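Hi everyone, thanks for making time.

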Amino acid sequence: MPSLYIAVPVLNEAPNLPRLFDSFRRLASDHSAQFSVHILLVDDGSTDGTADVACQLAGDLAFKVLRHEVNYGPGRAFQTVFSYLADKLQPGDWVLTMEGDNTSRYELVRTMFRRAIEEDYEVVLASPYLYGGGIVHTSSLRVLLSKVANTFVKELLGINGIVTVSSFFRLYRASALQRLQQRYSPSILETNGFECMTEMVIKMINLNLSISEVPMVLDTQLRIGKSKMKIMRTIRGYLRLALQLRRWKAPEIPKPALTRI
């Protein structure tokens, strides 16, 4: 039976874990007929006992914690989990990445699978900016700033045809991740901060992976506590991304030399 790996980076998310593990159990139940479901939690230097609470809540789930002793950032967390999966992914496997604060809605996963399988996409992103999506229980100013920032980042990095570039909530075919690993490295990513998901989009575009999006309503009331993203640090990270674009491009296939007869 193929596997569905659910990869989630967490930092001091102990209060959010009971609801998060309820989502894991629902996902495992919903997809147990098609997949062997594995939960991979990357504890990125939590100081509130997140990893211990997670182990207590795991019960009979196929569950593993990958630990960082100090906080490096979500990019490093995804590097850790992609490296861990590098020798485990098999044809037919899938990888779902989610937020650890309950803002990724597990109810959308069936829709994401349907889009990927029926329309043959390699990656499906969940987007609050598509028609039918949105951001709720957040001030109008923060919603406006989020949309402006998303548009600015896409313009800065020359990303076209994709509405959102920063969401963690994504579904990947194993073959798509393996292509990225073969081209770049087992960890795929180089950046450590929240800009890592945009780096991932850039690299997927460079390899011409087929990408689609589904609308998602982002409800910040589902999260206990504040977002872990630091605005100025993330801005600097995006500016550094702009300097890496040329280096990450896939190499051109050389033209054959002409032979004179």
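A quick word on terms before we start: two strands count as paired if DSSP finds at least two bridges between them. And please keep in mind that this is a predicted model.

Let's take strand E1, residues 3-10, and strand E4, residues 94-97: they run parallel and are joined by four bridges.

Now zoom out. The sheet is open and has seven strands, in the order E3-E2-E1-E4-E7-E5-E8, with mixed pairing. At the edges you'll find E3 (63-68) and E8 (211-215), each pairing on one side only. From one strand to the next, the twist averages 20 degrees.

Which helices pack on the sheet? One is H4, residues 109-118, which touches E1, E4, E5, E7 and E8, and its direction makes about 35 degrees with that of E7. Another is H6, residues 174-183, touching E4, E5 and E7; here the angle with the direction of E7 is about 80 degrees.

My last stop is E5. How many of its residues are buried? Five of the five, so E5 is largely enclosed by the rest of the structure. In a regular strand, side chains alternate between the two faces of the sheet. Here Val123, Leu125 and Ser127 point one way, while Val124 and Ala126 point the other way.

As for its neighbours, E5 runs antiparallel to E7, with three bridges, and Val123 stands opposite Tyr172. With E8 the pairing is parallel, over five bridges, and there Leu125 faces Glu213 as its opposite residue.

Key: Residues numbered from 1 in each chain as written. Predicted model: local features only at pLDDT ≥ 70, side-chain atom pairs only at ≥ 80, totals over all residues. Heavy atoms only, no water. Helix = DSSP H or I, 4+ residues; strand = E, 2+ residues; numbered from the N terminus. Axes fitted to C-alpha atoms, helices over the stretch in contact; angles between N-to-C directions. Contact = heavy atoms within 4.5 Å. Buried < 20%, exposed > 50% of the residue type's maximum accessible area, 1.4 Å probe, protein only.
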